[in-house]
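Work through the exercises below with the sequence and the 3D structure in view. Each task is followed by a solution in steps.

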Amino acid sequence: MLTFASMKTAFLIAAPTSGSGKTTIARGLMALLTQRGYKVQPFKCGPDYIDTKFHAAVCGRPSINLDTFMATEQHVSELFARYGQDADVCVVEGMMGLFDGFDRDCGSSAEIARALDIPVVLVVDAKSAAYSMAPLLQGFVNFRKDIRIAGVIYNRVGSERHRQLLQQVSDDLGIRCFGFVPKRAELEQGSRYLGLDFSTKVDSTALVRLLEQHVDWQALLTLPVRSPRTPHLKPTDSSSEAFGLRALIARNDDAFSFLYQETLDAFQTVRFFNPEQDVPSFQDVDLLYLPGGYPEKHLEPLVSNAACRQAIKTFAEQGGRIVAECGGMMYLCQGIVSDAGTFPMCGVLPYTITARTADRKLTLGYRRFELNGRELRGHEFHYTQFLGDVPQSHCQVYNAQGTPVPTPVFCYKNVLASYTHLYTI
């Protein structure tokens with residue numbers, strides 16, 4: 001085995017269930033290690049766009065999604081090797097419970113840990129239990145022998161007596177304990193619309209101080225890392241049509257911000273513009289990319305920039321190539337209805353989206369569909385809906401289990417638009 005002295009350390013922060021505090025602990029450890037002078041490469045299991053924003057904010061480098069539904073295990077290994085090759089430590093944040101996937105444990109954090117052959121640090125919410133943690137942890141440790149659970153961090157510990165009882169659990173089971181994090185209401189991450197609140201600057205000062213006091217973070221850096229299977233480091237997935245294209249991308253902090261770093265890195269060149277403020281120039285542009293986000297939260301400034309909306313419509317009508325995902329698709333539609341009224345958008349697609357509170361309905365899940373002989377995969381997550389009947393789709397869309405879903409895909413001239421956030425373009 002190789003250790004931190006001879007190669008980078010890597011570990012995955014997971015939990016038995018969602019809500020155990022793994023996001024808070026993972027972000028805090030990333031911030032702590034970065035502040036201590038380590039070059040930390042963050043990763044996120046699954047399709048999540050929001051946790052990765054926190055990772056990037058505290059680590060100073062983009063966080064990379066690892067997802068075995070949207071990509072192959074080989075591709076995930078390539079991403080891990082490519083983006084982590086110059087890092088001192090790679091920290092992977094899991095999703096949901098450790099073994100929760102789209103089909104049993106397929107696509108789960110455990111599958112990512114197995115594919116990368118990295119140890120798992122389990123964050124458990126101990127606020128309402130003591131020795132009952134023993135059978136829970138024993139089950140997780142022994143459930144799959146190909147998953148290396150290196151130890152546990154007990155979260156939301158209530159008192160010194162509570163800590164002592166939890167230490168007995170680790171001692172009796174022989175499970176390494178990396179720390180006991182006390183319950184602190186001020187550290188509970190606020191939530192908003194579709195997930196975590198990323199509209200304000202991340203301040204990890206209190207969290208870092210707490211973890212320094214209560215987690216043996218140095219011990220995490222000594223976790224043995226097995227000699228990795230070194231994959232060929234390709235510049236991008238060969239299935240991506242983005243490779244070699246010159247892209248113009250809509251981006252601001254909130255309205256258009258759901259972007260996979262892997263997709264950005266696949267383009268030959270990238271230019272950004274803000275649809276609230278800029279009028280885009282399409283010179284030397286092969287593709288206009290309108291990613292997802294929350295345009296329904298920015299309706300007035302989007303409407304005010306009529307020149308931008310007209311420029312995009314003209315580009316589409318003249319045959320310009322456009323990919324629009326979720327919020328980007330909404331921006332291409334005729335308009336968006338909110339509780340405050342109806343707001344005109346680009347008018348490329350003859351549909352109206354409702355973002356009214358009374359019409360909110362969660363649509364969530366993996367998606368796949370075939371287009372021009374190529375299978376595209378991605379993820380759908382939104383509360384807005386089409387006003388009236390769902391429009392007819394250009395092709396049938398399926399979920400991860402292969403069941404047809406009513407999500408429409410629109411192909412108009414050279415425009416591809418859908419509620420699905422595509423992994424590769």
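**Exercise 1. Describe how H1 and H7 pack.**

Step 1. H1 and helix H7 (residues 205-214) have axes 9 Å apart, and the angle between them is about 85°. Here axes are lines fitted to C-alpha atoms, for helices over the stretch in contact, and angles run from 0 to 180 degrees between N-to-C directions. Helices (H or I, at least four residues) and strands (E, at least two) are DSSP runs, numbered from the N terminus.

Step 2. Angles under 35 degrees count as roughly parallel, over 145 as roughly antiparallel, 65 to 115 as roughly perpendicular and the rest as oblique. H1 and H7 are therefore roughly perpendicular to each other.

Step 3. Contact means heavy atoms within 4.5 Å. On the H1 side the contact residues are Thr24, Ile25, Arg27, Gly28, Leu29, Ala31, Leu32 and Gln35, and they meet Leu207, Val208, Leu211 and Glu212 in H7.

Step 4. Sorted by class, this contact of H1 with H7 has seven nonpolar, three polar and two charged residues. Ala, Val, Leu, Ile, Met, Phe, Trp, Tyr, Cys and Pro count as nonpolar, Asp, Glu, Lys and Arg as charged, and the others, Gly among them, as polar.

Before going on, note the basis of the values: this is a predicted model, in which local features need pLDDT of at least 70 and side-chain atom pairs count only at pLDDT 80 or more, while totals for chains, interfaces and linings use all residues. Residues are numbered from 1 along each chain as its sequence is written, and side-chain values use heavy atoms, with hydrogens and water left out.

**Exercise 2. Describe how H1 and H2 pack, including the handedness of the crossing.**

Step 1. The axes of helix H1 (residues 22-35) and helix H2 (residues 50-59) are 8 Å apart, at an angle of about 20°. The two helices, H1 and H2, are therefore roughly parallel to each other.

Step 2. A crossing is left-handed if the near helix is turned anticlockwise from the far one by less than a right angle, and right-handed if clockwise. H1 passes H2 in a right-handed crossing.

Step 3. From H1, Thr23, Arg27, Met30, Ala31 and Thr34 meet Asp51, Phe54, His55, Val58 and Cys59 of H2. The classes in this contact of H1 with H2 are five nonpolar, three polar and two charged residues.

**Exercise 3. Which residues touch the most other members of the largest nonpolar core?**

Step 1. A nonpolar core is a set of buried Ala, Val, Leu, Ile, Met, Phe, Trp, Tyr and Cys residues joined through side-chain atoms within 4.5 Å. Buried means under 20% relative accessible area, exposed over 50%, partly exposed in between (1.4 Å probe, protein chains only).

Step 2. The largest nonpolar core has 52 residues, of which Leu12, Leu66, Phe80, Leu98 and Tyr154 touch the most other members.

Step 3. A second, separate core has 37 residues, including Phe273, Tyr331, Cys333 and Ala417.

**Exercise 4. Is Leu422 buried or exposed?**

Step 1. Leu422 lies in strand S24 (residues 421-422).

Step 2. The relative accessible area of Leu422 is 5%, so Leu422 is buried.
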